[in-house]
Amino acid sequence: MASEASLVDRSARALAAGVRDGSFSASEICEALLARIDATEDRVHAYRRVTPERARAQARAIDEARARGDALGPLAGVPIALKDIFVTAGVETNCGSKILAGWTPPYAGSHAQRLADAGAVVLGKLSMDEFGMGSSNENTPWELVRNPWALDYVPGGSSGGTAAAVSARSCVIGLGSDTGGSIRQPASLCNLVGLKPSYGRVSRRGMIAFASSLDQAGPMTRAVEDAALALQVLAGPDPRDSSSLDVPVPDYLAAVDAGARGQLDGLRIGLHRAALEREGLDAEVRRCFEAALAELVDAGAELVDVELPHFDHAVACYYVLCTAEASSNLARYDGVRYGVREARPSLAETYAATRSRGFGAEVKRRILLGTFVLRAESYADYYGRAMKIRTLIARDYAAAFARCDLLASPTSPVPAWPIGAKIDDPLAMYLSDVFTIGANLAGLPAISIPAGFCAAAPRRPIGLQLLAPRLAEPSLLRAAAAYEARTAWHRERPPLIAATGEREGG
Amino acid sequence: MPDQARALVDELAQLAQLELADDEADALAGQLDRVLGYIERLRSVDVAGVPEYVQDEQARSGLRDDVPDVDVDADEVLAGVPVRRERLVAVPRFKSDGSEG
């Protein structure tokens, strides 16, 4: 149907405005997206669980509220989906793991709550790498997620399902989580906007913990304005998360609208050139990045060289800290109080059997590494040392920001790779986080935006990453909006859309 | 496969309450060895006088007012428990020593 085609391509901002002024109903938008899920899921497998009846009920409630003249929230009628790391009351949540198979949360997480209060319609839960550990969405006991741009290629991870759904137009806003790049990297691989807010900007309550000092929730969207809209709803202090920041929430949409004029006069963009010379940076990624820099300069920005002296130690530092925190956080999965239990005659054997059968290989790998670095005899040499290096890395960024307003880099050193190509080399997979982990280590906000495609077939997206000082999301969003206004990458649609649109009868 | 790497994996698996099959433990030993080799580079960084990392803005004190606040239903929580006896979480005995009572 023509109206379905136009609805699924609209931004969340446009849909919300259309619901408010009566141009569309929440129910028709919901049906259009549910039809997209039906049309794409057998090829993409983005969803872990679709909740059509709940979604229809939520949409109906929005339409009834509008008919009564009630005030509508900023996301009223907008179809969204949540990475399965986010706790949803009454809807089974697995966090990508067999160990939580069958677990239905008894409480609503802060993200689901805020989005519901804003009027969003939740279509379902999205597939992910187990416990957030992975860069390709291949660490899953269930169906592999496919990149809508090239179905035999990875969508990125760990928010791979989120990226696949947003780019396949089977949801409008997807919520992901980012510990070492898990929002930004899939966004880069799937031609999307992916935003990781400053640490503490968004509550972590109800986001199943991987590494508590690094994890942040954030949106994946097709337009910068939608990321701003989502952040506006999610940001703010939470009395039940003492790591959430009690600072005012600025007007993110105003920043986007200011940026959309396309001018960046005087903005100083810092460039760490040494990182670009590293082995492993794909030539096409470099080409797109240089072109993106040229576009930013055309818009009035000034490039400034900066140093990040500890950049080459960041991946190692990250993998010591995140695995240490993960080994501690995942100790709670023991088969006793929730999730799966592999019963054995003794408690200790029950723990071991449950965990061994419930966790996948990557999770075990990281638990073992984390256990190693936290052993009493290793602590000072590994974890203690990495915590000091983390301070040095944070200082490097602070020093860089004394000389520039934003930092720019590629998001991922490579575009999407074929499914299975890297799964046997964990270290190679870890090294692909080289550009993204700094923002997590230093608690900085960072965004990935569409910045081109590789020349070789299949045509795969390449993202540009911008980083800002803590709590400078408005600056980040303004620059991202300006770049978006001057380019057309974000308007391209994966070939899958036409392929699945045709099956609908056009 | 160096015995040392495999012995390390066995020790860590026990600490982490993981029970690994032989081939699984061998594979993990090799991978862990490679990753630990990579992490050794952290030793070359001069960290003298550098404090461990804390966020710039320290979190709030984290103390809430002492006011009862129920935000989760006990029955719903219990519904998720794998093995229950009435409102208790049932678990196997701590050790299996063959002399079950």
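A pocket, as the word is used here, is an open set of grid points with protein on both sides within 12 Å along at least five of seven lines, and its volume is the space filled by probe spheres set on the points. On that basis, the second largest pocket of this predicted model holds about 320 Å³ of space, while the largest pocket holds about 580 Å³.

**Open pockets**

- The second largest pocket is lined by 18 residues, and those closest to its centre are A:Ser11, A:Arg222, A:Ala223, A:Glu484 and A:His490.
- Helix H8 (224-234), helix H9 (252-259) and helix H18 (473-486) of chain A are the elements that give two or more residues to the lining of the second largest pocket, and of these H8(A) gives the most, with 3 residues.
- The largest pocket, with about 580 Å³ of space, has 26 lining residues, of which A:Val87, A:Trp103, A:Tyr107, A:Arg332 and A:Tyr338 are the closest to its centre.
- Although those five central residues belong to chain A, the element that gives the most to the lining of the largest pocket is helix H3 (residues 74-79) of chain B, with 3 residues.
- The lining of the largest pocket comprises 15 nonpolar, 8 charged and 3 polar residues.

- The model has 6 cavities of 30 Å³ or more, and about 140 Å³ of space lies in the largest cavity.
- Among the 17 residues that line the largest cavity, A:His272, A:Leu308, A:Phe311, A:Ala408 and A:Ser409 are the closest to its centre.
- Two or more residues of the lining of the largest cavity come from each of strand E7 (268-271), helix H10 (273-276), strand E9 (406-410) and strand E11 (461-467) of chain A, with E9(A) giving the most, namely 4 residues.
- The lining of the largest cavity has no charged residues, and its members divide into 13 nonpolar and 4 polar.
- The second largest cavity holds about 90 Å³ of space, and of its 16 lining residues the closest to the centre are A:Gly134, A:Ser135, A:Ser182, A:Tyr318 and A:Asp433.
- In the lining of the second largest cavity, 10 residues are polar, 4 are nonpolar and 2 are charged.

**Helix packing in chain A**

- Helix H3 (residues 26-44) of chain A packs against helix H4 (residues 52-68) of chain A at an angle of about 155°, and the two axes lie 8 Å apart.
- Because angles over 145 degrees count as roughly antiparallel, H3(A) and H4(A) are roughly antiparallel to each other, and H3(A) passes H4(A) in a right-handed crossing.
- On the side of H3(A) the contact is made by A:Ala26, A:Ser27, A:Cys30, A:Glu31 and A:Leu34, and on the side of H4(A) by A:Pro52, A:Ala55, A:Arg56, A:Ala59, A:Arg60, A:Ile62 and A:Asp63.
- This contact of H3(A) with H4(A) has 7 nonpolar, 4 charged and 1 polar residues.
- The axes of H9(A) and H18(A) come within 7 Å and cross at roughly 35°, and H9(A) passes H18(A) in a right-handed crossing.
- Residues A:Tyr252, A:Ala255, A:Val256, A:Ala258 and A:Gly259 of H9(A) meet A:Glu473, A:Pro474, A:Leu477, A:Arg478, A:Ala481 and A:Ala482 of H18(A), and by class this contact divides into 8 nonpolar, 2 charged and 1 polar.

**Backbone features**

- Most residues other than glycine have a negative phi, and most peptide bonds are trans.
- The peptide bond from A:Gly157 to A:Ser158 is cis, with omega near 5°, and A:Ser158 lies in the loop between strand E3 (121-126) and helix H6 (160-167) of chain A.
- A cis peptide bond with omega of about -5° also joins A:Ala457 and A:Pro458, and A:Pro458 is placed in the loop between strand E10 (446-453) and E11 of chain A.
- A:Leu471, a residue other than glycine, has a positive phi near 65°, and A:Leu471 lies in the loop between E11 and H18 of chain A.

Methods
Residues are numbered from 1 along each chain as its sequence is written. Chains are lettered from A and ligands numbered from 1 in the order in which they are written. This is a predicted model: local features need pLDDT of at least 70, side-chain atom pairs count only at pLDDT 80 or more; totals for chains, interfaces and linings use all residues. Side-chain values use heavy atoms; hydrogens and water are left out. On a 1 Å grid over the protein atoms alone, a cavity is a set of points where a 1.4 Å probe fits but cannot get out, and a pocket is an open set with protein on both sides within 12 Å along at least five of seven lines; lining residues have an atom within 4 Å of a point. Ala, Val, Leu, Ile, Met, Phe, Trp, Tyr, Cys and Pro count as nonpolar, Asp, Glu, Lys and Arg as charged, and the others, Gly among them, as polar. Axes are lines fitted to C-alpha atoms, for helices over the stretch in contact, and angles run from 0 to 180 degrees between N-to-C directions. Angles under 35 degrees count as roughly parallel, over 145 as roughly antiparallel, 65 to 115 as roughly perpendicular and the rest as oblique. A crossing is left-handed if the near helix is turned anticlockwise from the far one by less than a right angle, and right-handed if clockwise. Contact means heavy atoms within 4.5 Å.
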